[in-house]
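Please examine the protein chain shown here. The questions that follow concern its sheet, its charged pairs and its surface.

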Amino acid sequence: MKIGVPKEIKSHEQRVALTPEGVRELTFEGHEVLVEKGAGEGSGFTDQEYQEAGAQLVSLAQDVYESSDMIVKVKEPLAPELPLLRPGQILFAYLHLAADQQLTIALLEREIIGVAYETIQLQDGSLPLLAPMSAIAGKLSIQAGATYLEHVYGGEGVLLGGVPGVEPACVVILGGGVVGTNAAKIAVGMGAQVIVVEKSFQRMAHLDDIFQGRLITRAPSISCLDEILPLADLVVGAVLVPGAKTPRLITRSHLKQMKKGSVLVDVSIDQGGCCETSRPCTYTEPVFIEEGVIHYCVTNMPGAVPRTSTRALANATLPYVLTLASHGIERAAQIDPAIRKGINLWHGKLTHEGVAEAHNLECFRLPF
């Protein structure tokens with residue numbers, strides 16, 4: 001199979017979908033890999049390294065798309081990239097379609113085969129291609145929140161960990177999954193007071209066990225949010241319903257009760273965000289203010305640390321790229337049920353229930 005790796009064009013996105021090591025694995029198996037020149041520079045990989053690994057360097061993104069059977073990307077295609085996709089071409093990337101009806105319709109019109117990293121799902125319910133980026137985003141959420149709590153950035157001027165004689169900041173984390181757990185690790189490590197709101201009793205028990213009393217777990221309810229959000233200096237939105245639009249847990253009314261200069265880091269923004277007032281941002285303008293609360297809603301948070309993120313992502317995605325390239329989409333989905341769950345789009349038809357429900361569109365069964 002011919003596999004194309006274009007350079008990412010999203011604002012401040014320096015990750016790349018394949019490392020030179022991944023290219024070497026694919027070319028060893030007999031596949032051709034086309035890499036757009038400069039695609040790996042932001043992650044610390046030179047064109048020469050890709051060439052030495054067996055890749056064919058291509059000057060224009062258009063040539064990558066035209067010559068490839070499968071496009072492997074990090075982020076969803078933006079408007080300039082959509083016309084480059086062709087019917088029957090496999091697109092393997094983070095798509096986050098439930099949060100973007102316009103993109104969903106556009107990709108349906110292109111009649112591609114869309115396989116989404118975020119809906120590749122193992123039998124135990126885990127999301128192996130979302131997990132590494134979720135871990136990074138969770139850790140970054142506390143770094144970002146601590147920064148924007150500083151008065152110079154418009155925050156309330158609170159040090160996350162406090163000092164002797166002065167209480168630390170209160171961090172509320174909505175969701176105790178991979179994002180929430182990693183956010184809690186950093187927040188607890190910095191000395192903050194941490195409350196994790198999580199609906200799963202088993203997950204709460206796990207958090208209680210691993211943190212050994214250094215954080216508080218709460219079950220979600222209207223009363224719970226009414227009680228704890230006014231206490232929060234930093235709120236991290238770490239809610240996820242795999243493949244579906246994120247439920248809106250925080251309302252404008254909640255924001256009005258929160259501290260002026262407090263910070264909301266909505267990591268859920270890729271799937272629509274968990275706050276009524278959240279809207280997608282880029283690293284060019286990462287924050288905005290609603291009701292006196294600083295909103296940080298960057299949709300590609302791990303892009304800030306591409307040298308770490310690219311390696312973590314490529315470690316997770318490469319086995320699936322190899323399976324898709326070696327067996328083709330239909331056989332790969334039969335071999336690995338996780339890949340089948342990753343298929344969101346099939347030749348102009350929507351095949352993921354969560355995305356279909358988010359946009360009130362018909363969901364079709366895969367024909368195999």
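The model is predicted, with local features requiring pLDDT of at least 70 and side-chain atom pairs counting only at pLDDT 80 or more, while totals for chains, interfaces and linings use all residues. Residues are numbered from 1 along each chain as its sequence is written, and side-chain values use heavy atoms, with hydrogens and water left out.

Me: In what order do the eight strands of the open sheet lie?
Reply: Strands (E, at least two residues) and helices (H or I, at least four) are DSSP runs numbered from the N terminus. Two strands pair if DSSP finds at least two bridges between them. The pairing in this open sheet is mixed, and the order is β3-β2-β1-β4-β5-β6-β14-β15.

Me: Which strands stand at the edges of the sheet?
Reply: An edge strand here has a single partner strand, so one side of it is left without a neighbour in the sheet. The strands in this position are β3 (56–58) and β15 (349–350).

Me: Over how many bridges do β1 and β2 pair?
Reply: Strand β2 comprises residues 32–36, and Lys2 stands opposite Glu32 in β2. β1, α1 and β2 make a right-handed β-α-β unit; right-handed means that, with the strands pointing away from the viewer, the path from the first strand over the helix to the second runs clockwise. The pairing of β1 and β2 is parallel, and the number of bridges is four.

Me: Why is β2 described as largely enclosed by the rest of the structure?
Reply: Buried means under 20% relative accessible area, exposed over 50%, and partly exposed in between (1.4 Å probe, protein chains only). Strand β2 is largely enclosed because the number of its five residues that are buried is four.

Me: How many residues apart are glutamate 76 and lysine 10?
Reply: The side chains of Glu76 and Lys10 meet in a salt bridge at 3.3 Å, N to O; such a bridge is a side-chain nitrogen of Lys or Arg within 4 Å of a carboxyl oxygen of Asp or Glu. Glu76 lies in the loop between β4 (70–72) and β5 (90–93), and Lys10 in the loop between β1 (2–5) and α1 (20–28), so that the pair links distant parts of the chain. Glu76 is buried at 13% relative accessible area, and Lys10 is buried at 13%.

Me: Are lysine 73 and glutamate 81 buried or exposed?
Reply: The side chains of Lys73 and Glu81 form a salt bridge at 3.4 Å, N to O. Salt bridges that share partners also join Lys10, Lys75, Glu76 and Asp270 into one network. As for Lys73 and Glu81, both are buried.

Me: Which residues form a nonpolar patch on the surface, with about 270 Å² of accessible area together?
Reply: Val163 lies in the loop between α5 (131–148) and β7 (170–174), and counts as partly exposed because its relative accessibility is 45%. Patches are made of residues with over 30% relative accessible area and no salt bridge, like charges being joined within 9 Å and nonpolar side chains (Val, Leu, Ile, Met, Phe, Trp, Tyr) within 5 Å. Accessible areas come from the Shrake-Rupley method with a 1.4 Å probe, and for residues only the protein chains shown count as cover. The patch is formed by Leu159, Val163 and Val166.
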